[in-house]
Structure formats: structure tokens, C-alpha cells
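Here's a quick tour of a protein model, written for someone just starting out with structures. Keep the picture open as you read and find each residue as it comes up.

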Amino acid sequence: MNVRQRIAATGACLVLAAGGALASAPPASASSGSADALSCGARGVRGSGGHYGSAITCYGGSFTGVIDCRRFDTGYVYRHFGNRAPSGGTSTVWCDLNAGVINAYGTPS
């Protein structure tokens with residue numbers, strides 16, 4: 001990773017760590033007339049050990065939080081799943097150390 005990429009990745013993580021809101025995920029796709037459509041929002045969180053994550057809150061049914069993470073050193077992208085939560089609840093999901101959140105959303109469960 002070159003210096004510019006490292007600076008960009010660090011800057012993006014600092015925004016998340018400062019509590020910058022992640023873009024709200026569009027409602028999950030569901031069959032027409034289904035009660036499974038979700039309206040979700042996510043906010044960046046940082047753990048005491050330096051982990052980055054996201055607190056995802058959805059309305060419209062039970063859901064599981066999902067985040068895509070990117071490693072700072074290799075750029076490897078992977079996905080983590082959080083706890084199942086009821087409508088209006090929050091699912092908190094964490095990336096591994098040395099990685100940041102690049103996408104966060106809820107999926108019906």
C-alpha cells in the first residue's frame with residue numbers, strides 16, 4: 001500500500017471513529033406486499049481495543065446487521081455478521097483489528 005492509499009484509509013477510519021454517519025442502506029429488497037422490507041441506518045463505532053465497527057438499527061422486522069470490512073495493509077475485503085435484533089433494535093458488528101468498515105446494512109432474519 002502506498003503512502004497516499006494509507007493516508008486515505010486512515011482518514012476514512014478517523015471519520016468513522018469520530019461517529020460520522022454511514023450512508024443509510026436502502027430498504028432491503030423483498031417480495032411485493034412482504035412485511036420483510038427494512039429501513040436501516042448505521043453509525044460508525046470504535047472499540048477500546050482499536051476495532052472499527054458499525055451499530056445498525058432497522059425498522060420493519062427482525063434483522064441481522066452486516067458489514068463489509070477492508071484490511072488496511074492488504075486491501076482484502078470480507079464480511080462479518082452481527083447479532084439478530086427485533087425491529088427498532090440495534091445489531092453491532094465489528095471488523096478485525098487493522099481493518100475498517102466500507103459498507104453496513106441490515107438483512108431480514
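Two residues are said to be in contact when their heavy atoms come within 4.5 Å. With that in mind, look at C69: leaving aside residues up to four places away in sequence, C69 touches Y76, V77, Y78, C95, A99, G100 and I102. Bear in mind that this is a predicted model.

**The nonpolar core**
- The largest nonpolar core has 15 residues, and C69 is among those that touch the most other members.

- Three strands make an open sheet, lined up in the order 5-4-7, and the pairing is antiparallel.
- Strand 5 and strand 7 each have a single partner strand, so they stand at the edges with one side left without a neighbour in the sheet.
- Going from one strand to the next, the twist averages 20°.
- Strand 4 and strand 5 run antiparallel and are joined by seven bridges.
- If you want a spot to check, find T64, which stands opposite R84 in strand 5.

**Strand 3 and its partners**
- Is strand 3 mostly covered or uncovered? It's mostly covered, with six of its eight residues buried.
- On strand 2, strand 3 has an antiparallel partner, and eight bridges join the two.
- S39 stands opposite Y59 of strand 3.
- Strand 2 and strand 3 form a hairpin with five residues between the strands, and there G50 takes a positive phi near 95°.
- Strand 3 also runs antiparallel to strand 6, with five bridges joining them.
- Here you can look for S54, which stands opposite V93 in strand 6.

**Salt bridges**
- How many salt bridges turn up in a search of the whole structure? The search finds two.
- One of them joins the side chains of D68 and R79, at 2.7 Å from N to O.
- D68 sits in strand 4 and R79 in strand 5, so this pair ties together parts that are 11 residues apart in sequence.
- D68 has 10% relative accessibility, and because buried means under 20%, D68 counts as buried.
- R79, on the other hand, is partly exposed, with a relative accessible area of 43%.
- D73 forms a salt bridge with R71, and their closest N and O atoms are 2.6 Å apart.
- D73 is partly exposed at 35% relative accessibility, and R71 is also partly exposed, with a relative accessible area of 25%.

**A loop residue to look up: D96**
- Where is D96? You'll find D96 in the loop between strand 6 (90-94) and strand 7.
- D96 is partly exposed, with a relative accessible area of 38%.
- Not counting residues up to four places away in sequence, D96 touches H51, Y78 and H80.
- D96 and Y52 are 44 residues apart in sequence, yet their C-alpha atoms are 7.6 Å apart in space.

Notes
Residues are numbered from 1 along each chain as its sequence is written. This is a predicted model: local features need pLDDT of at least 70, side-chain atom pairs count only at pLDDT 80 or more; totals for chains, interfaces and linings use all residues. Side-chain values use heavy atoms; hydrogens and water are left out. A nonpolar core is a set of buried Ala, Val, Leu, Ile, Met, Phe, Trp, Tyr and Cys residues joined through side-chain atoms within 4.5 Å. Buried means under 20% relative accessible area, exposed over 50%, partly exposed in between (1.4 Å probe, protein chains only). Two strands pair if DSSP finds at least two bridges between them. Helices (H or I, at least four residues) and strands (E, at least two) are DSSP runs, numbered from the N terminus. Axes are lines fitted to C-alpha atoms, for helices over the stretch in contact, and angles run from 0 to 180 degrees between N-to-C directions. A salt bridge is a side-chain nitrogen of Lys or Arg within 4 Å of a carboxyl oxygen of Asp or Glu.
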